[in-house]
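Please find below a colleague's note on the model under review.

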Amino acid sequence: MWNDQSAVGGGFYNSPSQFGNVNTPNQGQKTGRRASRTAPIVIKQALECGDDGVKIWGTEIQIVSVVARVRNICMQSTKITYTIQDITGRMRAVLWLDQENDDEEKSAPKVQVNDYVQIYGNVKTNKGKKVLMAFKIMPITDVNAITFHYLHCIKNKIKMEADSKKEKVDNNPTFTSGLPANSMVGVADNTASVNGLNQRQMMVFNLIRASTQEQGISKEDMYTSLKDRMPQKEFENILEWMCGEGHIYSTIDEEHFRATDAF
């Protein structure tokens, strides 16, 4: 499906020490036309997008998630430029450093050449070339997360294709004009998901998004508000899933969270 020489001789098993303990990987609309806040993509999609950004079946992707291997790192005082490569292509990713943060460990991710990383960011055009402007880079310690990302890309593209075709049918007046007056076709469901989240997930997401604190909201404060509405196990599973999907991210520690669209 995708051709890339790095998949042979530079693939998953050449550096097994990178993947220590193998654990299960974590487990996705701006008006105008349609927009999705986050979506997993491969590098080829970023390289071939237009100047208005990445779109999948007409849906604008505001924030992308890319899983790739680091091929080069260029350190500067204000930014780090990574050359990243997956099985579809190669591009640059730029991470601007927090100049007010004296803690080097927090300002620059611990990433080395040949490491696999997951990057969240925006695709921009700079001097005619596509660049991934990163706001979060996470080293991958589980080889399964790489395969999971590609499967997620395929599933997401298929889903967006189906949604796009359904939208065309629902918005086609010739399709509904002959239906009885009491027909429910095309009527919006009040329980429909937002940003790909169901009602239970939205309870948690809205708490995180409403926080005005720089470090976000703590897991303890969230569960205090939700403990009468859902069991703790479900709450923890929702947090883990939303982190994996890129809807939220941890801040000062693994107990505090902010919403991705706060950027």
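The points that follow cover the basis of the model, the overall chain, strand pairing, the nonpolar cores and one surface patch.

1. Basis. This is a predicted model, in which local features need pLDDT of at least 70 and side-chain atom pairs count only at pLDDT 80 or more, whereas totals for chains, interfaces and linings use all residues. Residues are numbered from 1 along each chain as its sequence is written, and side-chain values use heavy atoms, with hydrogens and water left out.

2. Overall chain. The protein chain contains seven helices and ten strands (DSSP runs numbered from the N terminus: helices are H or I of at least four residues, strands E of at least two). Of its 263 residues, 41% are buried (buried means under 20% relative accessible area, exposed over 50%, partly exposed in between; 1.4 Å probe, protein chains only). The accessible surface is about 15500 Å², and carbon and sulfur atoms account for 49% of that area (Shrake-Rupley method with a 1.4 Å probe; for residues, only the protein chains shown count as cover).

3. Strand pairing. Strand 7 (residues 129–139) pairs with strand 5 (residues 89–96) in the parallel sense over four bridges (pairing requires at least two DSSP bridges between two strands). Within strand 7, Leu132 is the bridge partner of Ala93. Strand 7 also pairs with strand 6 (residues 116–126), in the antiparallel sense over ten bridges, and here Val131 is the bridge partner of Lys124. Strands 6 and 7 form a hairpin with two residues between them, and Lys127 in the turn has a positive phi of about 55°.

4. Main core. The largest nonpolar core has 28 residues, and Ile84 and Leu132 are among those with the most contacts inside it (a core is a set of buried Ala, Val, Leu, Ile, Met, Phe, Trp, Tyr and Cys residues joined through side-chain atoms within 4.5 Å). Strand 3 (59–75) is one of the elements that each supply at least two residues; its five residues are the largest share. Leaving aside neighbours within four places in sequence, the contacts of Ile84 include Val66, Ala93, Ile119 and Leu132 (contact means heavy atoms within 4.5 Å).

5. Second core. A separate core of 18 residues includes Met202, Phe205, Ile208 and Phe257.

6. Why does Leu151 count as exposed? Leu151 counts as exposed because its relative accessibility is 53%. This residue lies in helix 3 (residues 144–170). Together with Ile154 and Ile158, Leu151 makes a nonpolar surface patch of about 270 Å².

How values were computed. Patch = residues over 30% accessible without salt bridge, like charges linked within 9 Å, V, L, I, M, F, W, Y side chains within 5 Å. Salt bridge = Lys/Arg side-chain N within 4 Å of Asp/Glu carboxyl O.
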